[in-house]
Amino acid sequence: MTPSRAIAEAYLAARSAIGDEARNAATIALADGLAVIIAATGLEPAVKPFMTHAAALGPGDATLIGQGASASPVAAALANGALAHAVDFEDTFETGKIHPNASLIPAVLALAESEVANGEAIIGALALGCDFACRLSLALDGDPARRGWYHPPILSGLGATLGCSLLLSLDAAQTVSAFGLFLSQFLLPDELKRSPRSHLRAVREGLAARAAVDSALLARAGVVAVEQPLEGQSGLFALLTGTGPRPGAFDDIGSSFFGPDVGIKRWPACRGTHSAIVVAQRLKARGVIMDDIAGVAVTVSPPNDMLFVPHAQRICPQTAIDAKFSIPFVFSAAMADDDVQLASFAPARLADERLLRLAAAVEMAGMLGPDGPEAVYEVTLRGGEVLSEPVEPLPAWPAGSLALDDLRSKITACIAAGKVAIAPETFLKLVADVVRAGASPLMSALAEPRPN
């Protein structure tokens with residue numbers, strides 16, 4: 001039996017082993033992910049072509065969120081998935097540096113509607129798809145960026161492919177084919193990091209979610225892909241790192257689950273920029289204001305050096321999603337506001353000369369080792385005083401420790417920013433009822449746009 005086949009077999013067996021903690025974490029991830037999707041309907045213009053394209057393909061059995069329209073599950077996964085990372089507020093698996101639920105949620109929900117799947121199957125697909133994406137990230141033996149790959153949506157998309165395969169009750173051979181079909185449709189080069197006007201960073205999960213749904217449906221129809229899509233000579237790991245997977249990453253599938261360890265984001269920006277927000281809050285608590293700062297030298301832990309390069313792009317970002325990947329800009333925004341919020345990256349803020357002036361004064365001073373603080377900020381004030389602010393790794397807000405009501409304030413803010421006609425209380429009740437009622441009541445409530 002090949003390793004890819006063994007992994008598929010293990011997840012098929014794990015469907016009966018999902019405990020309450022993993023199920024609760026999947027429900028928390030569902031609520032958080034959908035709230036972030038709702039926020040994107042009102043904030044990110046890059047998603048509009050995806051919505052228009054999906055609607056133009058004709059009606060179907062799956063909801064286009066906030067559009068008052070339906071589409072095929074493939075088209076709905078594309079459109080709704082484009083919203084999932086667009087404001088960069090979705091959950092993060094800290095250890096593996098990925099967003100395991102971003103393409104998984106829109107893909108599974110699109111299929112769940114079209115297949116009229118029961119709630120237990122939906123939560124199971126979410127729990128196991130998330131677990132698979134997390135394990136893939138832990139199995140990487142090297143940095144895919146060194147070989148030109150932008151791996152987070154590749155791994156989350158494979159997790160979505162497993163979730164879709166489980167929802168369709170594919171057997172192990174079909175699931176392996178679905179993995180191969182996904183990889184034949186979606187592999188993302190990291191050139192997007194050097195393209196300041198690219199929409200790909202914002203909408204990438206739509207492409208991954210579409211490929212996941214398409215791959216599972218094609219595998220069910222009988223398309224056979226490759227035997228070793230993950231570990232083969234030209235498989236996933238060989239492409240991303242040049243080596244095989246790390247030993248042990250897939251050994252205990254079904255006896256432990258990573259979904260409860262996934263962290264809910266506190267602020268709508270790349271997780272690597274959150275140290276800048278912490279330092280800005282400390283400075284303001286000491287009475288320091290923007291105009292007091294002459295310069296900031298930041299020493300960061302890998303891979304957060306990417307949040308400083310290309311330098312010209314980071315100090316003067318052209319798009320909201322690019323600004324969220326910039327420690328200089330996020331620090332400046334945090335110093336300007338009481339808190340970093342969804343509105344902190346509005347177009348007017350990207351052109352604010354005061355913010356850009358401070359961002360230009362923030363530079364990377366070097367790299368830290370893997371066991372030290374997350375970052376160290378040396379802040380030079382105009383009077384000459386230097387303030388040193390080390391930031392220890394921020395504790396996660398783990399999904400496994402939360403109740404739905406803990407998300408109320410974040411959900412309320414996301415709904416207020418979006419264009420979906422739903423009240424936060426209604427949203428929370430419908431998410432809580434997915435296991436009993438399935439996806440249809442929830443998705444029907446997310447269909448209609450808020451009146452202008």
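## Rings and a buried strand

F329 has 0% relative accessibility, so it counts as buried (under 20% relative accessible area, with exposed over 50% and partly exposed in between, using a 1.4 Å probe and protein chains only). F345 is buried too, at 4%.

A quick word on ground rules: this is a predicted model, where local features need pLDDT of at least 70 and side-chain atom pairs pLDDT 80 or more, while totals for chains, interfaces and linings use all residues. Numbering starts from 1 along each chain as its sequence is written, and side-chain values use heavy atoms, leaving out hydrogens and water.

Searching the whole structure turns up seven aromatic pairs (Phe, Tyr or six-membered Trp rings with centres within 6.5 Å; planes under 30 degrees apart are stacked, over 60 edge-to-face, the rest tilted). Here are two of them:

| Pair | Centre to centre | Angle between planes | Type |
|---|---|---|---|
| F182 and F186 | 5.7 Å | 45° | tilted |
| F329 and F345 | 6.2 Å | 40° | tilted |

In the F329 and F345 pair, F329 belongs to helix α14 (residues 327-336) and F345 to the loop between α14 and α15, 16 residues apart. As for F182 and F186, both are buried.

Now for strand β3 (residues 293-300): six of its eight residues are buried, so the rest of the structure largely encloses it. β3 runs antiparallel to β5 (residues 375-381), with seven bridges, and G295 is partnered with T380 there. With β4 (residues 362-367), β3 pairs in the parallel sense over five bridges (pairing takes at least two DSSP bridges).

Methods: Helices (H or I, at least four residues) and strands (E, at least two) are DSSP runs, numbered from the N terminus.
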